[in-house]
Amino acid sequence: MNILIIYSHPNPNSFNHAILETAKETFQKQGHTVIVRDLYAMEFDPVLKPADFELIQQGKVSQDVKTEQEFISNSDLIVMIYPIWWATMGAMLKGYIDRVFSHGFAYRYTQNGPEGLLNSKKVIIINTMGTPNTSYESMGMLDAMALTTDTGIYKFCGMEIKNHIFLGAIPASTPEQRAAHLQNISTLLG
């Protein structure tokens, strides 16, 4: 299987990076081909510009977007690893989605409404958060975040959600708790 990991965190020493390494190692041990797109390391430009719209209207995209779309097209499973900031994904990843999941590639409009074009793709989302899961659950925030990303982005584009993992209270977690999270991720991906 071809697995694409889209990773978005500016700190190479973060727990998100440990999740990335665990996921990559787990998939490689299973014999899968793994490609990692580290948005900060790549210095991906997340800003959607007027030129992007002009190209889309011509049925084209810029070369950097085309490269990312080719990685997505060639993958069977996409794993999104990123922290939750202010109850959503950070600007870098949001800009990646704005630019790469473009009209004509990820979706199109028909007389019956929008149609997803990434129907053969499966997605796993792994999020870290500072807020404990129980706090977000009691407010309905986990459901809201899953609705806006899982349904509003990935399902809208025709993708199948395999799993959405929320890991809360990470800044306050102990080394033992983090090790248990990594083991659980390895098991879930195994």
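I started with the second largest pocket and looked up which elements line it: helix 1 (15–29) and strand 3 (77–85) each supply at least two residues. Helices here are DSSP runs of H or I with at least four residues, strands are runs of E with at least two, and both are numbered from the N terminus. Strand 3 gives the most to this lining, with 3 residues.

Notes on the model: it is predicted, so I kept local features to pLDDT of at least 70 and side-chain atom pairs to pLDDT 80 or more, while totals for chains, interfaces and linings use all residues. Residues count from 1 along each chain as its sequence is written, and side-chain values use heavy atoms, with hydrogens and water left out.

I noted my pocket terms: on a 1 Å grid over the protein atoms alone, a pocket is an open set of points where a 1.4 Å probe fits, with protein on both sides within 12 Å along at least five of seven lines, and lining residues have an atom within 4 Å of a point.

Back to the second largest pocket: 14 residues line it, and I find H9, N16, T128, I170 and P171 nearest its centre. I get about 180 Å³ of space there.

Next I took the largest pocket, which holds about 280 Å³. I count 15 lining residues, with D98, F101, S102, H103 and Y107 nearest the centre. Helix 3 (50–57), helix 5 (91–100), strand 5 (107–110) and helix 7 (141–155) each bring at least two residues to this lining. Helix 3 has the largest share, 3 residues.

Note on methods: Points joined across faces, edges and corners; volume = space filled by probe spheres on them.
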